Amino acid sequence: MKNIKFLVLGIFFGIVLSKSQAISWYRFYEMFKFQSFHMYGIIGGAVVISAIFMQLFKSGKIKDINGNKIIPKPKQKGFIRTILGGTFFGLGWGISGACAAPIFVILGFKLIPALVLLVGSLLGAFIYGLLSKKLPN
Amino acid sequence: MDFILQPWPWFIGGPLIAISLLLYFYFGQNFGASKNFETLCTMAGAGKISDYFKKDWKQRDFALLFVIGLIIGGVISAMYLIPNQGVNLNPTTIQELTDLGFTNVGNQYFPDEIFGKKSFMSIKGFLILLVSGVFVGFGTRYAGGCTSGHAITGLSNLELPSLLAVIGFFIGGIIATWFIIPVLFG
């Protein structure tokens with residue numbers, strides 16, 4: 001049960017997203033309409049502090065639990081896949097107000113609509129899997 | 001205790017998200033959420049239809065535990081930690097949504113017009129949720145990450161693909177909120 005720590009971290013992250021309203025449909029709507037600073041503060045703040053952590057990973061000042069160097073996996077390159085994939089993601093996110101992690105958190109708030117969103121997401125991931133070799137990079 | 005029950009401002013939420021990322025990496029794994037959609041497909045037997053899903057999902061048991069944690073975190077928050085789901089919105093936002101026919105704007109996290117029983121039980125409302133979900137699931141896997149994996153992990157690690165993906169997120173999100181929502185609800 002060495003992975004039980006991920007369960008605890010998930011509970012923590014779920015509470016953080018819930019309490020900072022980063023799962024609220026309205027918060028994402030106002031973000032995309034540039035009507036509030038709240039989500040920019042959350043995401044921007046998270047990115048700035050994470051960037052410091054990344055530097056500490058790189059310099060080896062923070063090692064993982066087993067004492068190994070932390071090397072974040074490089075992201076898959078490709079202009080079309082990132083822009084086009086990102087746009088699809090943004091369309092779904094903008095309409096439903098739910099990105100990946102919040103879909104799971106929202107299950108605790110609005111079970112049935114979140115289940116519909118989750119089934120849709122799995123279907124979407126499945127469609128991607130079927131087409132992955134044919135899609136432009 | 002009062003602080004716990006109040007909404008947390010951005011300068012609390014942002015750092016706590018960064019600490020979640022730190023712990024995820026400290027525990028020896030890459031921070032992200034959307035790959036779980038694929039893992040769940042694999043568990044549901046998608047490998048029988050497409051080789052893409054022929055993977056050993058047990059190698060991602062840590063991520064599944066994280067997802068179960070997210071759900072539990074949501075349940076705990078909904079039941080005990082948020083006595084008032086009011087969202088403090090810009091008056092412009094409230095007016096705009098009210099004009100589109102939204103009711104009780106900002107009085108709870110999720111608008112009834114999308115998450116209420118009447119909405120998701122209707123064909124239109126059901127399809128809005130389902131198709132949004134398909135776009136989220138397809139888009140995030142095509143782009144190679146979601147808000148956690150690209151916007152937070154990738155941007156903070158100065159990854160160019162993540163910057164492109166986040167630009168895509170905003171193109172899609174702006175089209176959705178400026179043009180599609182007014183058509184769907186106006």
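Quick housekeeping. What we have here is a predicted model, where local features need pLDDT of at least 70, side-chain atom pairs count only at pLDDT 80 or more, and totals for chains, interfaces and linings use all residues. Residues are numbered from 1 along each chain as its sequence is written, while chains are lettered from A and ligands numbered from 1 in the order in which they are written.

Okay, chain A. You're looking at 6 helices and 0 strands, where helices (H or I, at least four residues) and strands (E, at least two) are DSSP runs numbered from the N terminus. The C-alpha trace spans about 40 × 40 × 40 Å along its principal axes. Of the 137 residues in chain A, 59% are buried. By buried I mean that 20 or more other C-beta atoms lie within 10 Å of the residue's own; exposed is 12 or fewer, partly exposed is in between, and the C-beta atoms are placed from the backbone. On contacts (C-beta atoms, placed from the backbone, within 7 Å): among those in chain A between residues at least 6 apart in sequence, 38% join residues at least 24 apart.

Now α1(A). It has 16 residues and reaches 23 Å from its first C-alpha to its last, close to the 22 Å expected at 1.5 Å a residue; the expected span is 1.5 Å times one less than the number of residues. The helix is mostly covered, with 12 of its 16 residues buried, including Phe6(A), Leu7(A), Phe13(A) and Lys19(A). And what does the covering? That includes α5 of chain A, plus α2 and α4 of chain B.

As a rule, most residues other than glycine have a negative phi. Gln21(A) sits in the loop between α1 (4-19) and α2 (25-32) of chain A, and it counts as buried because it has 24 C-beta neighbours inside 10 Å.

Compare Phe34(A), another non-glycine residue with a positive phi, near 55 degrees. You'll find Phe34(A) in the loop between α2 and α3 (38-58) of chain A.

Next, Pro102(A), which lies in helix α5 (residues 100-106) of chain A. With 31 C-beta neighbours inside 10 Å, this proline counts as buried. Leaving out residues up to four places away in sequence, Pro102(A) touches Leu17(A), Ala22(A) and Ile23(A).

One more helix in chain A: α4 (residues 79-96) has 18 residues and reaches 26 Å from first C-alpha to last, close to the 26 Å expected. Of those 18 residues, 15 are buried. After α4(A) comes Gly97(A), with a positive phi near 70 degrees.

The contact takes 109 residues from chain B and 100 residues from chain A. On the chain B side, α10(B) gives the most, with 18 residues. That side divides into 72 nonpolar, 33 polar and 4 charged residues. For the classes, Ala, Val, Leu, Ile, Met, Phe, Trp, Tyr, Cys and Pro count as nonpolar, Asp, Glu, Lys and Arg as charged, and the others, Gly among them, as polar.

Zoom in on one helix pair. α1(A) and α2(B) pack at an angle of about 165 degrees, with their axes 10 Å apart. Axes here are lines fitted to C-alpha atoms, for helices over the stretch in contact, and angles run from 0 to 180 degrees between N-to-C directions. The pair is therefore roughly antiparallel, the label for angles over 145. Residues making the contact include Phe12(A) and Val16(A) of α1(A), and Leu16(B) and Tyr24(B) of α2(B). By class, that's 8 nonpolar, 2 polar and no charged residues.

Last stop, α3(B). Here 8 of the 9 residues are buried, so this helix is largely enclosed by the rest of the structure. Among the buried ones are Lys35(B), Glu38(B) and Cys41(B). The buried residues of α3(B) pack against α6 (111-131) of chain A, together with α4 and α8 of chain B. Just after α3(B), Gly45(B) takes a positive phi of about 95 degrees.

Note on methods:
Contact = placed C-beta atoms within 7 Å. Parallel < 35°, antiparallel > 145°, perpendicular 65-115°, else oblique.
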